[in-house]
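Subject: Structure for you to look at

Hello,

Please find the structure below. My notes on it follow.

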Amino acid sequence: MHSDNNAKMLHYQGHAVACRDNESVLDAFLRSGVSIPFSCKSGVCHRCMVRCIDGDIPQHAARKLPEHQQAAGCLLACQCHPTGPMVLAPQSPENRVTRCLLSDVVFTEDKRWRLYFEPITRLKYRTAQLAKLMSHELNGECAATFLSSPDEDFLVVVELEAGVRLPDWLQQPSPEGLEFCLRGPLPVEPEDPVMPMPPEPGLWDELGGDRVVRAVLTSFYEKVYADLELRPFFERVTMDRIIGKQFAFLKENIQGEPVFLGEQPRNTHNWMVISDALFDHRQNLMLQAMRAHGLTDGLIARWARYEEQFRPEIVKYKPWLKRFGDLMVDTEQYEVCLLDEATVCDYCEGEIPAGTLVRYHKRIGKIGCDACVSATTPEEQRCPP
Ligand code: HEM
Ligand code: FES
């Protein structure tokens, strides 16, 4: 019987693999040399769990997984016999959930909530790593940082950020024994920057050169700017600018021509809290744009690898400081300056006279007149003397 293997094309981390009839996703990956964790090959160990970003998940592939993982599109690669094309991504720490028993809750002198608890199943973490606390029903998230050292004690200690209130589901007169869930731990900033892959000059021409790459990027950013989850990040960036930047960046990386004038992804995206799931969503829009311009699955995979390599510098769960060599700069704060010349308010366009003390956000750079600034939060109403 004739079968069209391309009908079951699997995209995974810059690889394109045609899955054969009667073959599982795991077997297709292993046959093609795609590295993926696995052990039992029989649906027991869950080592081969991946996430489906696009395509239909066969029911059998996810039936042994808890509801929250099914809802996040997780499946077991060894149990998955695709019925059509699929876009897959590795497991994300966001989908790792540990049940925990609360021992104590303390409100510290510097007004932070500190929680002491015992994980019911094994929890691997490092001090200062981030996690999300969730109610027993897995709703109502709240960010926390690990304070304890994993080798010190069996009790884990986390702290909520200053000013964050204790979620309702943790407010009990006697909290001991209360059950909640912990999502994560979430990855922290990698110690070493990404060493970009060497250029593949031939690939640029195979993709169709400047004309096709620019056309793909134009279609891609049209999707991004229309996307409810992605467009908020681009509020202050024109589409032409970002297409030009991305084009030059890719040309430099793929073709090896030094044409990119700009910052590396680590510093450009430092303030953007981008989860694995959002990164995958972006990559899927990119893949759709590449397909719409007739690129083959092989070419799509080779291009995607140049983007995928920057995932560790872009996915994060809280903003990073900007890094200039050894110098770290916090751009997520306000500064105050004395206006030499009159200017207009960035919010209401009313005049602000010369000699006014104005407060501006270091990254966004916007300044407001008295009326607009006092319309914001109480902390932002007044410039320090
Ligand atoms: C969900 C994922 C992503 C989001 C939300 C995102 C968002 C953005 C935004 C808003 C900017 C404009 C920043 C500015 O001009 O102030 C930008 C710039 C840029 N992004 Fe991304 N990005 C994502 C993923 C990526 C990936 C995977 C790459 C690598 C291929 C990348 C490479 C770049 C480059 C090269 C720039 C221009 C840097 C410059 O202005 O010097 N981005 N991105
Ligand atoms: S390899 Fe064990 S569940 Fe798939």
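I start with a pair of helices. In α8, the residues F279, R282, Q283, M286, L287, M290 and R291 meet D297, I300, W303, A304, E307 and E308 of α9, where contact means heavy atoms within 4.5 Å. Helices (H or I, at least four residues) and strands (E, at least two) are DSSP runs, numbered from the N terminus. Helix α9 covers residues 297-308, and its axis and that of α8 come within 11 Å and cross at roughly 145°. These axes are lines fitted to C-alpha atoms, for helices over the stretch in contact, with angles from 0 to 180 degrees between N-to-C directions. The crossing of α8 past α9 is right-handed; a crossing gets that name if the near helix is turned clockwise from the far one by less than a right angle, and is left-handed if anticlockwise.

Before the rest, two notes on the basis of all this. This is a predicted model, in which local features need pLDDT of at least 70 and side-chain atom pairs count only at pLDDT 80 or more, while totals for chains, interfaces and linings use all residues. Residues are numbered from 1 along each chain as its sequence is written, chains are lettered from A and ligands numbered from 1 in the order in which they are written, and side-chain values use heavy atoms, with hydrogens and water left out.

R282 belongs to helix α8, residues 276-292. R282 counts as buried because its relative accessibility is 18%; buried means under 20% relative accessible area, exposed over 50%, and partly exposed in between (1.4 Å probe, protein chains only). Apart from neighbours within four places in sequence, R282 has contacts with F220, Y221, L230, Q246 and E307.

Next, the salt bridges. The whole structure holds 23 of them, a salt bridge being a side-chain nitrogen of Lys or Arg within 4 Å of a carboxyl oxygen of Asp or Glu. One of them joins D21 to K8, with the closest N and O atoms 2.9 Å apart. That pair links distant parts of the chain, since D21 sits in the loop between β2 and α1 and K8 in the segment before β1 (9-12), 13 residues apart. K8 is buried, at 13% relative accessibility, and D21 is partly exposed, at 36%.

Another salt bridge pairs E179 with R99, at 2.8 Å between the closest N and O atoms. Here the partners are 80 residues apart, with E179 in strand β11 and R99 in strand β6. Both ends are partly exposed: E179 has 23% relative accessibility and R99 has 43%.

K251 and D210 also meet through their side chains in a salt bridge (2.9 Å, N to O). This pair connects helix α6 (residues 239-255), which holds K251, with helix α5 (residues 209-225), which holds D210, across 41 residues. K251 is buried at 11% relative accessibility, whereas D210 is partly exposed at 36%.

A few backbone details follow. Most residues other than glycine have a negative phi, and most peptide bonds are trans. N22, which is not a glycine, has a positive phi of about 60°. N22 is in the loop between β2 (15-18) and α1 (25-31) and is exposed, with a relative accessible area of 75%. K111 likewise has a positive phi, near 60°, and lies in the loop between β6 (97-107) and β7 (113-119). K111 counts as exposed at 58% relative accessibility. The peptide bond from G184 to P185 is cis, with omega near 0°, and P185 is part of strand β11 (residues 179-186).

Which residues does K41 contact, leaving aside its neighbours within four places in sequence? They are L26, D27, L30, C78 and Q79. K41 is in the loop between α1 and β3 (49-54) and is partly exposed, with a relative accessible area of 41%. The C-alpha atoms of K41 and A77 are 8.6 Å apart, although 36 residues separate them along the chain.

Regards
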